[in-house]
Amino acid sequence: MRLLKSIDLFPKSAENEINYLLSAIYFRIHDKESAITHLKKAYFYKPSKYDYFKELFPLIPKLQVFKKMHTF
Amino acid sequence: MEEEFEEFQNQSIFKFESMLKTNSFLFFDSNEFEEIIVYYLEIGNASLAKKAVSLALKQYPKSTILSLLHIEILLLNNELIEAEKIAENIYEIDPYNPDIIIQKAKILSKKKNHLKAIDFLEQINENSDLYFDAISLIGKEYLFLDDFHKAKKMFIRCLEQNNFDYSILNNILYCFDAIGDSQSTVSYLNDFLELNPYCEIAWHQLGKQYAKDKMYEEALSAFDFAIISDDSFIGAYIEMAKILEKLNRINEAIEKYEISIGINQPTSFALFRIGRCHNKLGNHDIALSYFVQTAEEDPIHDKAWMSIALHYFNKKNYTESKANLIKALEIDSEKIKYWELYTKINIQLELFEEVEIGIKEILSLGKLDINTLIFLTQTLIKIPHNENLFIETFEIN
């Protein structure tokens, strides 16, 4: 079993957390576009978790930087 | 009277065993043989019981009591055909003998013919000495049939005959539990306790029922009464301590666990729980000493080894932590939490090949929750030179 396959099996309620994780993974492999897409989704539905995941994954940009990347 | 009987029984056993040792032949009357066989059945020595019954039947082939005991032994060994043959012979001669009715019912029960077994047992009337045994067996037959209402009714009737048969009380509670009506259980136990106010088992069961219904204060009172009824009742102290832990009354919980240890020799369960309580109070070194005692008492207590490992991990003694964690993993290698700690320790020790093993083990267990997923992602991002593992794990090219 691989991690991404396991993600497919997670409940809908965990979707936003998973988007934060996917964003971190894509940042790690330098796929900035995918990273931002997932981060955008994650932040849109669960902005309150941004700081928590930023702390866990320093690869995720600071909120101000991220906001400048996209206009919501 | 009882002492006289025991003396008589001891002498017979001694005589029988010395006869077997010396290969000589001694005389026993049929009563003596009966006592010897009953003794061996009670201590669970089926082979000596069989030997005794075989010798007895050679001398007294027409004894009904000895034949009934023979059936009992055959049933123990699941020799149903032979048992049935003997039972039929006795039944033909004496069909109203409650002993043979019970044995016939037992044979039917073993053959899974529970309804017919019940029919047989119902022939035994209230005046018989074996009425109590008969209704208890009927209750058990209903249990086999999963008819908990009828089983409960029988066991309740049984308990009315003998208030202190705890196995019957347990059967009643099992039925209530299977029926799933906790209110009726509580009400039954309260009625029972009105008549038997010093029955510690009933108080204990009432406490457990209250605890199940999250009525913790009531549960504590019930356990208190169990202890008043029998102040050496370890189960009541343990249950009380578990509830006190839930209520965050940690010091009181420790006190109760310690009493339970003082009554009998320490149990790994109580030692471990005391350790956990001390951890909650921040007494980490005391907690460690209890976890070590738990592991000494029960070397396959994986949670104790894990707790010791966690203690050393928090103290940054990673080598010691790993040594203890490996013991936990040897006992149970299917707990994700253990592999998480294994991975964390190896990150600290910079043993990245072992980190990889840890990650793969976690993935292979497949029961990932969001916290594990976060942990794995964090680990994979954190460790250096992990490109292959990263790509393999995420299947990203």
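For chain B, the mean pLDDT is 90, with 95% of its residues at 70 or more. The model is predicted, and local features need pLDDT of at least 70, while side-chain atom pairs count only at pLDDT 80 or more. Residues are numbered from 1 along each chain as its sequence is written, and chains are lettered from A in the order in which they are written.

Turning to the rings, the whole structure holds 21 aromatic pairs over all chains. Rings of Phe, Tyr and Trp (its six-membered ring) pair if their centres lie within 6.5 Å, and planes over 60 degrees apart count as edge-to-face, under 30 as stacked and the rest as tilted. One edge-to-face pair joins Tyr52(A) to Phe53(A), at 5.1 Å centre to centre and 80° between the planes. Tyr52(A) is partly exposed, at 40% relative accessible area, whereas Phe53(A) is buried, at 0%; buried means under 20%, exposed over 50% and partly exposed in between (1.4 Å probe, protein chains only). Both rings belong to one aromatic cluster, whose members include Tyr20(A) and Phe66(A).

Lys49(A) lies over the face of Tyr52(A), 5.3 Å from the ring centre. Such a charge has NZ of Lys or CZ of Arg within 6 Å of the ring centre and within 35 degrees of the ring normal.

Conventions
Heavy atoms only, no water. pLDDT = per-residue confidence, 0-100.
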